[in-house]
Amino acid sequence: MWLLFLLVACSAAVLSCALLCRAAVAAARATSGPAPQPPPGTVPETAAVGRRGPGLTLYEMAYLSGGPHRLADVVLVLMAQQRRLLLADTGWATVVDPVGKDAVERATLSAIGPEGQRRIPAIRDALTGDDAVREVADRLVTDGLALPVAVRPGVAGAVRLVRAAALLVLPAAAASYWTAPDGADGGLLLAWFSLPLILTLGTWAVARFELHPYSDWATTAGERQLPGNGHSPTTAATPASLITLALRGPAALTDPALRAALHSSGA
């Protein structure tokens with residue numbers, strides 16, 4: 001019986017480490033080479049909100065930090081703070097001012113629909129596939145700041161699998177020890193389990209040193225563009241609360257009403 005537990009532990013370790021290596025190589029290939037620069041003097045429409053650093057907008061920061069759902073949360077809170085949307089703590093969004101200032105805001109209003117009210121999760125899902133959000137994502141991929149769809153989920157998901165495999169080794173070793181036949185060498189048995197444990201912990205340590213911070217959305221270059229990595233965290237045009245939301249998600253909101261609205265909707 002103990003051989004079965006050893007086989008499970010070794011299989012999980014090898015598979016998870018192989019997936020992490022594959023994700024790291026795919027991400028490196030996708031982001032290799034210099035990123036093309038936009039023509040001088042051109043500014044995309046979605047850059048009108050919260051331009052920060054060389055070429056990053058508030059929407060782009062949100063996408064790099066948490067993907068299209070984070071971007072949706074940012075535009076909803078932005079419009080709510082400007083009293084153009086009402087976000088209820090029950091998870092509903094209601095239109096107050098039906099005029100969008102940029103393509104993403106207009107897409108948000110379209111996602112809410114002509115009735116002027118819709119659940120926030122449905123708005124998030126609708127924005128994920130909207131052309132305005134895809135334009136933000138495509139621009140980041142073109143500039144080498146975001147991972148292409150082909151390599152997502154990427155390193156972050158693979159690292160989670162390696163951690164889970166490392167944790168799996170411990171109960172598998174304990175189960176093998178207790179189910180081993182009488183007279184079996186317990187030390188030798190546990191030594192076999194040290195192999196998958198060393199493999200997973202070693203791979204995890206290398207990933208921590210070489211690949212951290214892990215992201216399913218941003219490349220290494222994209223991570224460097226985010227505030228806190230050499231760029232100023234605030235500007236006069238963008239409230240600090242929106243920057244914090246873009247970088248850290250709804251849990252970082254200090255407004256309890258907005259935090260309740262996004263959390264009650266499954267953020």
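Leaving aside its neighbours within four places in sequence, Glu105 touches quite a list of residues: Tyr59, Val75, Leu78, Met79, Arg84, Val99 and Gly100 are all in contact with it. Glu105 itself belongs to helix H3. With a relative accessible area of 1%, Glu105 counts as buried, because anything under 20% does. Its side chain also has a polar atom that lies 2.8 Å from the backbone nitrogen of Lys101.

All of this comes from a predicted model, so a look at confidence is in order. The chain has a mean pLDDT of 80, and 79% of its residues reach 70 or more. Helix H3, residues 103–112, does best here: its mean pLDDT of 95 is the highest among the elements of the chain.

Now for one of the partners of Glu105, namely Met79. Met79 sits in helix H2, which covers residues 58–81. Its relative accessibility is 0%, so Met79 is buried. Beyond its neighbours within four places in sequence, Met79 has contacts with Arg84, Leu85, Glu105, Thr108 and Leu109. As for Val96, it is 17 residues away from Met79 in sequence, while the two C-alpha atoms are 9.4 Å apart in space.

If its 24 residues formed a straight helix, they would span 34 Å at 1.5 Å a residue, yet the end C-alpha atoms of H2 are only 15 Å apart. What does H2 do at Gly66? At that residue the helix bends by about 135°, and a proline, Pro68, follows within four residues. H2 is also largely enclosed by the rest of the structure, because 20 of its 24 residues are buried. After H2 comes Arg83, which has a positive phi, near 60°.

Finally, two stretches call for some care. Over residues 33–54, pLDDT stays under 50, and the model has 42 contacts beyond four places in sequence for this stretch. Residues 232–236 also stay under 50, with nine such contacts in the model. Where pLDDT is low, the predicted coordinates should not be read in detail.

Note on methods. Residues numbered from 1 in each chain as written. Heavy atoms only, no water. pLDDT = per-residue confidence, 0-100. Helix = DSSP H or I, 4+ residues; strand = E, 2+ residues; numbered from the N terminus. Contact = heavy atoms within 4.5 Å. Buried < 20%, exposed > 50% of the residue type's maximum accessible area, 1.4 Å probe, protein only. Expected span 1.5 Å × (residues − 1). Bend = angle between axes of the 7 residues up to and from the residue. Polar contact = N/O pair within 3.5 Å; in protein donor to acceptor, adjacent residues only side chain to side chain.
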